[in-house]
Each structure stands twice: as structure tokens, then as C-alpha cells.
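Here are a few friendly notes to read with the model open beside you. Take them one at a time and find each residue as you go.

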Amino acid sequence: MPIFRSQNSRGGQFKMRLVIAGVLALVAIGSYLMKYEKDDLTGEYRAVAMKPDQEIRMGLAAAPEMAQQMGGVIDPRYDKSAQHVKMVGRKLVAAYKTDANPYLENFDFHLLNDTKMVNAFALPGGQIFITKALYDRFESEDQLAGVLGHEIGHVRYRHASEHMAKGQLGQSLVGAVTVGAGDMTAGQLANMVNQMIQMKYGRQDESQSDGWGLENMHACGYDPRQMIRVMEILKEASGGGGGPSIFATHPNPDLRIEQIKAYIAKRWNTLPLQ
């Protein structure tokens, strides 16, 4: 005798999947909301995946492997460029010396012996890296300060931890969609949407860090207008557009330049360098 499922049975299973999916989604959202906390330095509320001490430990643990993948760290005891990076970084951090900054004593700045990849990045907790390929393109100390200040902004705004929390929420919701639809195709579509959302958050982070970097430059006596030239240097290095290196998850370089010009004009009422 052939075995088949009735329409009502299939309908009941579909409703059950929706119920389960709804519960999973509510749990994911509830877990995400529980991660919200106030930043004592900025006064902002944001959902983060880790506490500051956890970010510091994670960054320190990941730093050696990350450095090794990009040529290794150049020893500042024997290299003036590496000394220069540390000196400028420490000057920038000192401008915001406050007890509310949990990363103050952990900030460190490293020059990587990578002569091909034009890049700079920050790990959670304050380990900041810049490649020799980018450092060698700078025309002034102001430009180095602009990039390091930008990376300090990523740490200060806890973007890595915030991005992890959003990623965890996104993956949980993707799982809920897959369960509810009973179809991997729907899950794959949801995952694509999640990735698009995460990319948007990444671009917002970059703009926020640009603002911090400009303020940091100005506080230390550097010319914020030099950050415009930094963007031009990065654009030239990527072949005139958003190439696969530093602009992979960054805003369009031309748009970013315009945003920086607007910030400078509004904040300091000064025209950018021609």
C-alpha cells in the first residue's frame, strides 16, 4: 500500500516549522539585546560580543599569527620606520588619556614587513598594524597619523566586538529562516542578505573611524586635511577604485574623500588642501 502524507499533515508540519523558527528568532534577538551596554567614554549604547578585557586578550592572542601572515613585525629596536610608527601612535593615544579608556595601556603599533599589500588594521583591544607597502607611500607624518588615528577609532568604538555580535545575530536569524522554510535555498538567500547587511555596517564603521581619526589628528597638532591625500594614495594603490586590498570592505574612495572634506569644512571651517 502506498504511503503518503495528507495535505493537513503537511500543513501542520509547516506551521510547526514556523513556530520553531519564530522561537529561534526571538531567542536570537533577545540574546542580541542582552549584549547592549553603555560605553563609558563615548556615552553610546551598542551590542558587543565581548567585554574590554576579553577583547584585549583576543587581540594579543591573534596578533602573532596575523603578523606572521603579512611578513612579520619589523623590530623597532633596529628600524627607524618601525620606531616612527610607534612614536606617532603613542602620541595619538596620549591625546585621549582618560581613566574611561580600558585600552589605554594596551595600545601598541606595529610595522609589518609586507611590501606588497597596502593595508592597515586594528585587532580588538588595541594592537594596530600597518604594512610597509602603505607606510612607504606616505609623504608626511600627518598622513601616518591619519591612518593610525583611524585604526584607533576602530578600537575605541569597539567595532570588531560590535561586528561579531551582529554577525552572531545574523547567523542565528539565517538558521531560523532555514528551519521555517524547510528549504536550503531560502536559507542561502537569507545568508546573502545577512552578508549585505554586515557589509553596510562595516562601511558605517569606517566613516565613524574617519571622524575619530580626524579629531585625533587635530588634537595632536596634525593637519586633518592630509587625510584627503591619504585617501588619494589608497585609491592610487588600488588601481583607481575599490580593489581587493584595503577597499574591499571600505566605502567608495571618492565618496569617502567627499565625506572627509565635508567633515573638515563643518568642524573647523577650513578648506581642504588643493
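1. Start where α5 meets α8: Asp142, Gln143, Gly146, Val147 and His150 in α5 touch Gln226, Met227, Arg229, Val230 and Ile233 in α8. Contact here means heavy atoms within 4.5 Å. The helices (H or I, at least four residues) are DSSP runs, numbered from the N terminus. By class, this contact has four nonpolar, four polar and two charged residues. Ala, Val, Leu, Ile, Met, Phe, Trp, Tyr, Cys and Pro count as nonpolar, Asp, Glu, Lys and Arg as charged, and the others, Gly among them, as polar.

2. A word on the source: this is a predicted model, in which local features need pLDDT of at least 70, side-chain atom pairs count only at pLDDT 80 or more, and totals for chains, interfaces and linings use all residues. Residues are numbered from 1 along each chain as its sequence is written, and side-chain values use heavy atoms, with hydrogens and water left out.

3. How do the axes of α5 and α8 cross? They cross at roughly 80° and come within 8 Å, which makes α5 roughly perpendicular to α8 (65 to 115 degrees). Axes are lines fitted to C-alpha atoms, for helices over the stretch in contact, and angles run from 0 to 180 degrees between N-to-C directions.

4. Now follow α8 (residues 226-237) to α9 (residues 253-268). Their axes are 9 Å apart, at an angle of about 175°, so α8 and α9 are roughly antiparallel (over 145 degrees). On the α8 side the contact includes Met227, Ile228 and Lys235, and on the α9 side it includes Pro253, Arg256 and Ile264. This contact divides into seven nonpolar, no polar and five charged residues.

5. Next, look at α3 against α5. Among the residues in contact are His84, Val88 and Leu92 of α3 and Glu141, Leu148 and Ile152 of α5. Nine residues of this contact are nonpolar, three polar and one charged.

6. Finally, which residues line the second largest cavity? They are Leu92, Val93, Tyr96, Asn101, Phe107, Ile152, Arg156, Trp212 and Asn216. A cavity is a set of points on a 1 Å grid over the protein atoms alone where a 1.4 Å probe fits but cannot get out, and lining residues have an atom within 4 Å of a point. Six of the lining residues are nonpolar, two polar and one charged.

Methods. On a 1 Å grid over the protein atoms alone, a cavity is a set of points where a 1.4 Å probe fits but cannot get out, and a pocket is an open set with protein on both sides within 12 Å along at least five of seven lines; lining residues have an atom within 4 Å of a point. Helices (H or I, at least four residues) and strands (E, at least two) are DSSP runs, numbered from the N terminus. Angles under 35 degrees count as roughly parallel, over 145 as roughly antiparallel, 65 to 115 as roughly perpendicular and the rest as oblique.
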